[in-house]
Each structure stands twice: as structure tokens, then as C-alpha cells.
Amino acid sequence: MYIIMLGAPGSGKGTIGKEICKKYNLTHLSTGDIFRDEIKRDTDLGKKANEYISNGNLVPDDITISMVEDKLMELGDVLLDGFPRTINQAESLKKFLNQKEKSVTAVINLCIPDEDIIKRTSSRVICSNKECGATFNTIFMPPKVEGICDVCGSKLIVRDDDKPETIKERLNVYYKNTEPLISFYKKEGILETIDIDIYSNTTKEDTTEKAFQIIERRLK
Ligand SMILES: [Zn+2]
């Protein structure tokens, strides 16, 4: 089984992905993890990738594709997170699986209104005491005393990364990069969108259940 997860930063993609892996016994494969692993093992691909990363550049498609394909050869069923990121990668993956007479089971696309992501992410607060680093969420997991860390009593702050302007920018980049992939998988007939509205009544459990239903249907 090959599941691809799509979702903006802050959509809960990581959490839902973990639940899917647990239920269907899939290996969670993120390109970040693969890069780190290859670099640590000092493989040829790892060395090449490291050159780009340490110079602050993106790792070119052909290196990323080779790494992912190597991993797919070793593994059984996987959930892909962060790959493919480009049409070129998506087409390579399709070709690679076709050669093994396999195909992507489903592309699960988590769709959340921007305002919800902004609310959810900007409600994240961290302890200003770097040695503590406890995190809270003013909506979902509030500290006992507003603005104060439960653990050490220091002030809680919003990280620069979690400020609404920064989140908006990050979302725009995500949408721009992901639109072509969404069209690609729509055409392939395997795109499955789950609409989430965390402020009405969609819980993490609802979303997970919907994802399970999609997979069950796709497996038939
Ligand atoms: Zn603290």
C-alpha cells in the first residue's frame, strides 16, 4: 500500500499520518528523515545531498528521487510525507511503482481554511525559559495561569514562526508549490480531499476516521 499525505503546515498532517501508519502498519517515510539517514550513513547520495543542504540549497529532484526509490525498494507498505513535492517527482514515482506493477493507493489531501490554521498555530505558546521549552496552546491546551508556564513559572511567548504574518507567507508558498500536484493526482483519479473545520466540530478522531474510510474504499 502506498499512501501520499498532502496538507499545509499546521493542518495536522503529521498527526493523522501517524494514526494511519499505526492502523495499517505502514512505514512513515518523510524526505527529511531519509536525507538525515543517508547523510548519517555517509552514503554517496547522502554526501551529494549534504553539499546542497549545507550550502543552503534545495536538493535537486534526481537525488531526492534516487533516495526515495532506494528506500522504497527496502520497505513494504509506506506512507509518504513530503514526497512528491514536484510534478517531476510525482511522475518518477508513478513510473517506479508501475515497473513493480504497483500504484499509489490514495493521495489524502487535508484541507483546512487558512484562518483556522492561523488561529491554531498562532495560539501556540512556548516557555521563554530556553532550558524548559514547554509548549502550550491557548485554545487546545491552555496553561493553568494565562501567560505563565505550568512547569517553571516563566513567561510564555509566541515564536516568530508562529506569528500570523509568517504563517500566511508559509501557506502561500505551500499552495503555490502544491497546486500542480493536486491537479496531477486529480487527473490520476486518486486524490481524496478531507475538509476540516476545527472550529465547528471536526475533531482529530473525525478526520482520522474519514482517512480510514477512504483507505478501506480504495483497497476494495
Ligand atoms: Zn517553563
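Mentor: Two residues are in contact if their C-beta atoms, placed from the backbone, lie within 7 Å. Please keep in mind throughout that this is a predicted model.

Trainee: Which residues does Leu-6 touch, leaving aside those up to four places away in sequence?

Mentor: Leu-6 is among the members of the largest nonpolar core that touch the most other members, a group that also includes Ile-3 and Leu-79. With residues up to four places away in sequence not counted, the partners of Leu-6 are Val-107, Ile-108, Asn-109, Leu-110, Thr-178 and Leu-181.

Trainee: In what order do the strands of the open sheet run, and which of them stand at the edges?

Mentor: The open sheet has 5 strands with parallel pairing, in the order β2-β3-β1-β4-β8. Within it, β1 and β3 pair over 4 bridges, and Ile-4 stands opposite Leu-80 in β3. Two strands have a single partner each, so one side of each is left without a neighbour in the sheet, and these edge strands are β2 (27–30) and β8 (191–195).

Trainee: At roughly what angle do the axes of α4 and α5 cross, and how many nonpolar, polar and charged residues does their contact have?

Mentor: The axes of α4 and α5 come within 10 Å and cross at roughly 30 degrees, with α4 passing α5 in a right-handed crossing. Among the residues making the contact are Ile-65 and Leu-72 of α4 and Ser-92 and Phe-96 of α5. By class, the contact of α4 with α5 has 3 nonpolar, 4 polar and 2 charged residues.

Note on methods:
Residues are numbered from 1 along each chain as its sequence is written. This is a predicted model: local features need pLDDT of at least 70, side-chain atom pairs count only at pLDDT 80 or more; totals for chains, interfaces and linings use all residues. A nonpolar core is a set of buried Ala, Val, Leu, Ile, Met, Phe, Trp, Tyr and Cys residues joined through C-beta atoms within 7 Å. A residue is buried if 20 or more other C-beta atoms lie within 10 Å of its own, exposed if 12 or fewer, and partly exposed in between; C-beta atoms are placed from the backbone. Axes are lines fitted to C-alpha atoms, for helices over the stretch in contact, and angles run from 0 to 180 degrees between N-to-C directions. A crossing is left-handed if the near helix is turned anticlockwise from the far one by less than a right angle, and right-handed if clockwise. Ala, Val, Leu, Ile, Met, Phe, Trp, Tyr, Cys and Pro count as nonpolar, Asp, Glu, Lys and Arg as charged, and the others, Gly among them, as polar. Two strands pair if DSSP finds at least two bridges between them.
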